[in-house]
Amino acid sequence: MSILELHNISLRFGGVVALDDVSLNVPAGMTFGLIGPNGAGKTTLVNVISGLIPPNSGSMVFDGRKDGPWPIATSVGYGIVRTFQQTRAFLGLTVRENLRIAAAVSPQPEMIGDLVDACGLAEVMDRTASELPYAALRHLGIALALALRPRLLLLDEPAVGLSGDELERLGHLIRRWMDAGITILLIEHNVRFLMDLSDRVAVLDRGRLLFEGTPEECQSNPDVINTYLGRGGSDVEH
Ligand SMILES: Nc1ncnc2c1ncn2[C@@H]1O[C@H](COP(=O)(O)OP(=O)(O)OP(=O)(O)O)[C@@H](O)[C@H]1O
């Protein structure tokens, strides 16, 4: 069963067609990878799903509710939660204070302690967010998103700037949420990382859906290789 259905979503910014008649089904409980060249429309699609930007046309269904496109308040109520390429946290506050605020709005505040451990934040609880090492700040952003107990978690390039152990930790974290039944839409230029985690993959190119299928099918699809993977997409880790 699909938790999210997108039907013929189009969005223009002036003369730029950012999304061109995109239709997609995201199955419940799966990790769904979304890749494509720079400017393909990936972040714009996440902005539409999370209610940040209304599309010009098209409709969306979440868990059987046929009322999309929806405003951001509705998407939050549905349990659609996103992270941003630039981590959103209260930078002047400590990690502990950030998490206290998250606990105040969390439907399950007792899980914050578990999130602290899972996201590796225990040793930086009293540090100001603005002073955190890059990887810890990204993990804080993810912990804040998870505190909202998402049903659909939209991760926009969570691996940017991470390598080695940090990347491995993020992979473990994502697998944990997959095991907990959270549906994940993962945008990532680190294609190896994305293919390892995803059950299905979609490819956007200049706003259009170029491909949708399994990671194996994706990596052997000639159109995907021509437009993205063959141009070094699998090694881009910016
Ligand atoms: N607020 C905006 N105003 C005008 N044009 C925009 C805006 N946001 C995105 N665009 C344009 O829409 C297109 C899709 O951009 P988008 O950021 O969704 O691509 P992307 O696939 O996420 O790229 P990247 O991998 O570089 O993050 C691009 O041509 C971009 O310049």
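Phe62 stands opposite Arg65 in β5, where strands are DSSP runs of E with at least two residues and helices are runs of H or I with at least four, numbered from the N terminus. The model is predicted, and local features need pLDDT of at least 70, side-chain atom pairs count only at pLDDT 80 or more, and totals for chains, interfaces and linings use all residues. Residues are numbered from 1 along each chain as its sequence is written.

Strand β4 (residues 57-62) and β5 run antiparallel and are joined by two bridges; two strands pair if DSSP finds at least two bridges between them. The hairpin of β4 and β5 has two residues between the strands, and in this hairpin Asp63 takes a positive phi near 50 degrees.

Both strands belong to an open sheet of four strands with the order β2-β1-β4-β5 and antiparallel pairing. Its edge strands, β2 and β5 (65-68), each pair on one side only. On average, neighbouring strands of this sheet are turned by 20 degrees against each other, direction ignored; axes are lines fitted to C-alpha atoms. Strands of a sheet pair through backbone hydrogen bonds, either parallel or antiparallel.

Around the ligand are Phe13, Val16, Ala18, Gly36, Asn38, Gly39, Ala40, Gly41, Lys42, Thr43 and Thr44. Two or more residues of this shell come from each of β2 (16-27) and α1 (42-49), and α1 gives the largest share, three residues. By class the shell has four nonpolar, six polar and one charged residues, with Ala, Val, Leu, Ile, Met, Phe, Trp, Tyr, Cys and Pro counted as nonpolar, Asp, Glu, Lys and Arg as charged, and the others, Gly among them, as polar.

Helix α1 is mostly covered, with eight of its eight residues buried (20 or more other C-beta atoms within 10 Å of a residue's own, C-beta atoms being placed from the backbone). Lys42 and Asn47 are among them. Just after α1, Gly51 takes a positive phi of about 85 degrees.

The largest nonpolar core has 68 residues, of which Leu140, Ala143 and Leu186 touch the most other members. Such a core is a set of buried Ala, Val, Leu, Ile, Met, Phe, Trp, Tyr and Cys residues joined through C-beta atoms within 7 Å. Helix α5 (residues 134-146) gives the largest share of this core, eight residues. Leaving aside neighbours within four places in sequence, Ala143 is in contact (C-beta atoms, placed from the backbone, within 7 Å) with Leu99, Leu115, Cys119 and Leu121. In soluble globular proteins, nonpolar side chains tend to be buried together.

Notes:
Near = placed C-beta within 6 Å. Buried ≥ 20, exposed ≤ 12 C-beta atoms within 10 Å, placed from the backbone. Contact = placed C-beta atoms within 7 Å. Axes fitted to C-alpha atoms, helices over the stretch in contact; angles between N-to-C directions.
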